[in-house]
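Let's work through a few exercises together. Keep the viewer open and follow each solution step by step.

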Amino acid sequence: MFRTWYRRLLLSYFPIFLLTVTILIFASFVFINDISRMETKKADRISASYLVDNVDRTIKEVELSVLEAAERSDAYKRYFNNQGRADMGAVYAVAQSLRSLTRESPYIQSIYLYDKINESVLTETGLKNVSGFVDEDWIGRIASGTLPGGWQPARQYKDEFIQRTSVRVLTINKDMPLPFGSEGVLVINIKMSGIEQLVDSMVNEQLSFLTILGSDGETVYQANSDSEGAKNGKQLNTLYLERLGWTFSSGIKAGNLFGWVSVVSYLWVAIAIGTVACGIVYLVYVTRRNYKPIQVIMNRIEGHQIRMMDQSANRPDEMMLIDGVLEDLINHMTDYDKKSRENLLLQRSKLFTDLLHSERPDNAVQRLEELSPLTGAHSSSRFTVVLSEINRYEKVFEERYTRGDQNTLKFALMNVFQELARGAELQGWAEWIGTDRAAVLFLANGSDEEMTAKIRSFAEDCRSWVEQNLRISLSFGIGPAAAGPGTIRESYAAAEYVMQHKLLMHEDIALAECGEARQPLLETYTYLQMIAEFVKQFRMSSGQWRERLEQIFAAFEQDFLQDDDIRSLIQAMLQMLSREVAVMSEQLQEELSAENASVRLKELEEAESIDEVKGLLFEYLTDLFRTYISVSETKSYRAMVNEMKNYIEENFANPDLSLKHLSDRFQVSGKYASYLFKTEFKMKFVDFVTELRMKEAERLLLETEASLQDIALQVGYANAITFGRVFKRVAGITPGDYRSSKRRGASRA
């Protein structure tokens, strides 16, 4: 296979590699340059800070040395306490002290005391008048009070010993006597030349520069007097000396190594830009060459019209178009394969269903050869159908697993069936035919006895493996062997008949015999008579109800009823029992309510055998019978009826008398009280109370002169209107007419 296109692509990407390497090298130099800048700035700041600290310390030491001398010597105090006359001893001592201080410090230009009271100046040479003094102008500014505190900006000072030539000094004024006196001023002048020498000694004139600016922004001093180097150099740091109000600007002079590093950095920038430009040109060239195969593909796409070209303004580019064409082709192929597989599965599933129900039997053999996984099937082959059902599907399977997990487990069950069938040397074909039921069609490869033994062993292995590994319980119904595809329906019907009698199977694997698919008619009337007799014995508190229930279950097994028929008859039994017994008390009503009945029925539906159903039903009915006996023994039927009758006859005049009142009084349900009246008196409770009230009303109307309102209240009615309406409905006339007619008849007699 030629790889020309591969090599061309590889060469086309080489400039990108070169460009990337160049940019990385450029970035490295820029990074190194930035590091060198930062380190240079850091070193310059350290040296500049050290220089500023030295200048500050020198000024501070000079000031402190003079002030300490003035503080220690009493001559200074005596000089200013002369009260108008000069103490020559103090003058001499002070002058000697000033000379000593000037000689000891190389930075002090001069020191003198100004006496404000006597208008005199004391220098190291002696006492002088202010008038004609070399620093008379400065003393005048001191006297006027226009000078701020602290060190003053550099100024010109004429020294009396150096032929009155001007020198630059820094001056500080201190009020005397110390610390806050007002009698005079101590003036200290520091040589600027000494400070300049100190700065020059700490600045490398070949590499760096330092410029000192005053508080007014003017240059105080330029280190090493190299203004061109400072002007063309790179300023790096600026420091401020608060004591003098000076700003120190330091940096690197032009033309040194730092500058060359910057130049080299800029050179690499130029190289990188040039490389990028060359790479772009080369990339355009190679792209034009490599585009030709794509152009050929585009021409073929347009020529064969695989995909309609979009002629709008937003037309996709070539690669998108090619990608779209390939995607459409892949999607079509995928859809075709998917539909083919789905169609095959549907056809296979339809064939499986047709075989189970003997539909379209004409070409069954041919369809088996084409669609089924069974090999070697022909018209005389023998087949066996096995049905498998998940026990307690709703409670165990649906509640425990999600929909996705259910599908996964069902798929796993199909694989288990196929693998175990192959392990048992059986040809099996498994399909789901319901939500909880699967069918396996086996092709016989031996005698019927051998096949039955193998299939039973297969079912036992499946049940055991699934129960151990998937925690699911299965039941199996094995149909008889069927000769030919057209008779598979008989094997399926027999297996289904067995699965409809799981309660009576007594095991999870059952073999169906030929002809078991015919279901006899259910003799419903006979079972209803048996249930009615059971309910009668239960209601009469007879212990024979258990024998009757045993007879019912024995009939279930004798008639081999289906599971659904058994559950339907049990449900009818509980409903009939509820109608006969629930009226006895509210407790029985609650236990036999529809909600509790549904719970009991659900428990019975989850039972897996007839013995389990019988046990659950006997346990429930035994508890119910105990409750029923307890209610019956607490209040017997006759005693309760007589007691209720006597109570009504004594309290019929009570307007609150009702079924609710009786149920609360005798601790029975309202329905049961109504049932007693209908049974014993053949009339309703309301009619019985109304009859008593009307008899008493007739007596009161004839024997008393009470008003209709009073009579109504005495017989249990709230007002005369209600009483009159009820009386007329019973007697046919109003109470007033009744009284009048009866009395007229009595007077005639």
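Buried means under 20% relative accessible area, exposed means over 50%, and partly exposed is in between (1.4 Å probe, protein chains only). This is a predicted model, where local features need pLDDT of at least 70, side-chain atom pairs count only at pLDDT 80 or more, and totals for chains, interfaces and linings use all residues. Residues are numbered from 1 along each chain as its sequence is written, and side-chain values use heavy atoms, with hydrogens and water left out.

**Exercise 1.** Decide whether Thr102 is buried or exposed, and find what its side chain reaches.

*Solution.* Start with the place: Thr102 is found in helix α3, residues 88-104. (Helices are DSSP runs of H or I with at least four residues, strands are runs of E with at least two, and both are numbered from the N terminus.) Next, Thr102 has a relative accessible area of 14%, so this residue is buried. Finally, its side chain reaches the backbone oxygen of Leu98 at 2.9 Å.

**Exercise 2.** Find which parts of the chain are linked by the salt bridge of Arg243 and Asp56.

*Solution.* First, the term: a salt bridge is a side-chain nitrogen of Lys or Arg within 4 Å of a carboxyl oxygen of Asp or Glu. The side chains of Arg243 and Asp56 meet at 2.7 Å, N to O. This pair links distant parts of the chain, 187 residues apart: Arg243 is in the loop between β9 (234-241) and β10 (246-252), while Asp56 is in helix α1 (residues 4-72). With 31% relative accessibility, Arg243 counts as partly exposed. To widen the view, Asp56, Glu63, Lys174 and Arg243 are linked in a network of salt bridges.

**Exercise 3.** What is the phi of Glu425?

*Solution.* Begin with the general rule: most residues other than glycine have a negative phi. Glu425 is not a glycine, yet its phi is positive, about 60°. Glu425 lies in the loop between α11 (403-423) and β12 (427-432). Its relative accessible area is 58%, so Glu425 is exposed.

Notes
Polar contact = N/O pair within 3.5 Å; in protein donor to acceptor, adjacent residues only side chain to side chain.
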